[in-house]
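Student: Can you walk me through this one? I'd like to go piece by piece.

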Amino acid sequence: KISLNGNKNIKQWRFDKKHDFEDIVMHDSLFYILISNGDIETLKFEGDSIVKDKLKFPDGDKNTNEFETLYWDNDYKKLVMLCKNCEDDKKKVVSAWGINIDSSSYIPSLYFIDVKPIAEKTGEEKFHFKPSAAAINPLTNELYILASVNKLLVVTDRKGNFKNVYPLDPAIYKQPEGITFTPWGDLLISNEAGDKGASNILI
């Protein structure tokens, strides 16, 4: 827990053993933490204690699906995961999975993102779109999808229909892995340190 008002007192809590944690969403005071295999840890604070639970991705031990993106969609009233690399997508689409938080159930094929118009816009013939984070623009109601491997920012509607794509300069966005919006519409992108330099947040 890092204060934004200049207080350098950082608080931390250990909640699990080492996993490949990829994204975090807070909704109704509950934290949802995405693991790359599609499992989701849930956390909530009760006083100084942490209460945790886990949602298990269906047949997660039988496939090699990989996820890095988790966000809350108020239209669907669900958490949404985007595939970074899923077997059934065949590199032609990116599938979105919904998570019903009331029933703790996963919903496959909530929507699909067609990769073809993104490839055509970027001029790449062999193209594998790999989302690394996503957030909804509160002013335009559009979904902004960050792809670190592709160095792209892709814009779709809430159902994944392609609208636009923006290349990200690798000299500025060394390893873009996180995205969010302020309530007034400013876009923030976080970058891992990569091979050199420091990690940062760019507005």
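What follows is a short chat about strands, cores and loops.

Tutor: Ground rules: this is a predicted model, where local features need pLDDT of at least 70, side-chain atom pairs count only at pLDDT 80 or more, and totals for chains, interfaces and linings use all residues. Residues are numbered from 1 along each chain as its sequence is written, and side-chain values use heavy atoms, leaving out hydrogens and water.

Student: In what order do the four strands of the open sheet sit?

Tutor: The order is β1-β2-β3-β4, with antiparallel pairing. Strands are DSSP runs of E, at least two residues, numbered from the N terminus. Two strands pair if DSSP finds at least two bridges between them.

Student: Which are the edge strands?

Tutor: β1 (21–27) and β4 (49–55), since each pairs on one side only.

Student: How many bridges join β3 to β4?

Tutor: Seven. One partner pair is F45 and I50, the latter in β4.

Student: New topic. How many residues are in the largest nonpolar core?

Tutor: It has 21 residues. Such a core is a set of buried Ala, Val, Leu, Ile, Met, Phe, Trp, Tyr and Cys residues joined through side-chain atoms within 4.5 Å. Buried means under 20% relative accessible area, exposed over 50%, partly exposed in between (1.4 Å probe, protein chains only). Y71 and L82 are among those with the most contacts inside the core.

Student: Where is K90, and is it buried or exposed?

Tutor: K90 lies in the loop between β6 and β7. K90 counts as exposed because its relative accessibility is 59%. Its phi is near 55°, a positive value in a residue other than glycine.
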